[in-house]
Amino acid sequence: MSEFRQKSIGKTNLIGSFAAIPHPVAVEVMALCGLDFLCIDWEHAQISRDTIEAMVRAADVHRVPVMVRVPGHAPEAIQAALDSGAQGVLIPRVSTAAQAAMAVKASRYPPQGERGVGPGRAAGYGYRIPEYLAAANDRIVVAVQVETSEGLANIEAIAAVDGVDVIFVGPGDLSVSIDAIGPAGADKLSEAIRTIIGATTAHGRTAGIFCASPQAVSRWAAIGASFFVLASDTMFLGAGAAANCTAARAELT
């Protein structure tokens, strides 16, 4: 668990998945499947703050690091996710260097940042505040998601921000933002992703990307990505259910 950030910034190949089902049981099922980490999707799923803490606790039982994708740039959301005991945060729609710097400030304790000190779960409800403060800045992964045309244009400046550990590509939103949706926009989207990954690695940061299928992992690993979020628990549930239903019906023919 304590090595998650070191592996991330050391460009160890890591494969995780989004956790969108708001229940600890779903987290435990995913944690047992061999993933390197999970990322709770607070941005897009119907998950409450208290449920996030229960989901983080469920991942901790199986010693699987968990991040939280927060709903936006608000420092309060970032700090709430980290106070729950999460090992990192993923901040969506980061389009400027100033936004990236704000994410770092909200995620790090002084002097590196401005995160507030509190007796939350991460600090043992107040019993382990000194120990947590001493280690948190070295253990928390700060990942920013570049997924807009503005972020693409500003990628060099974003990648140069001190304290950013991972720059994560969101292909879906990026394709919409740069008008590269579907097969007709595939080449344009691919070039944009290559630009983001290239700038990220040139600045010594770790490049990450969402992959809807396993086959996409090798494609982006070949140009420098090492931090992968593979689909989500809901996507795996749907795909597995559909495949087994189809196979069962085939047995009846």
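Strand β6, residues 166–169, and strand β7, residues 206–211, pair in the parallel sense over 4 bridges, where two strands are said to pair if DSSP finds at least two bridges between them. Within this pairing, Val 169 stands opposite Ile 209 in β7. Strands of a sheet pair through backbone hydrogen bonds, either parallel or antiparallel. The names of such elements follow DSSP runs numbered from the N terminus, with helices (H or I) of at least four residues and strands (E) of at least two.

This is a predicted model, in which local features need pLDDT of at least 70 and side-chain atom pairs count only at pLDDT 80 or more, while totals for chains, interfaces and linings use all residues. Residues are numbered from 1 along each chain as its sequence is written, and side-chain values use heavy atoms, with hydrogens and water left out.

The pair β6 and β7 belongs to a closed barrel of 8 strands, which runs β1-β2-β3-β4-β5-β6-β7-β8 with parallel pairing. Neighbouring strands of this sheet are turned by 25° against each other on average, direction ignored.

We turn next to the helices. The axes of helix α2 (residues 24–31) and helix α3 (residues 49–61) come within 8 Å and cross at roughly 30°, axes being lines fitted to C-alpha atoms, for helices over the stretch in contact, with angles from 0 to 180 degrees between N-to-C directions. That makes α2 roughly parallel to α3, a term that applies to angles under 35 degrees.

The largest cavity has a volume of about 40 Å³, a volume being the space filled by probe spheres set on the points, which are joined across faces, edges and corners. His 73, Ile 78, Ile 91, Gln 99, Met 102 and Ala 103 line the largest cavity, and the largest share of this lining, 3 residues, comes from helix α5, residues 97–107.

The second largest cavity holds about 30 Å³ of space, and its lining consists of Phe 37, Cys 39, Met 67, Leu 90, Ala 143, Phe 168, Phe 227 and Val 229. Strands β2 (37–41) and β8 (225–232) each supply at least two residues of that lining.

Key: On a 1 Å grid over the protein atoms alone, a cavity is a set of points where a 1.4 Å probe fits but cannot get out, and a pocket is an open set with protein on both sides within 12 Å along at least five of seven lines; lining residues have an atom within 4 Å of a point. Angles under 35 degrees count as roughly parallel, over 145 as roughly antiparallel, 65 to 115 as roughly perpendicular and the rest as oblique.
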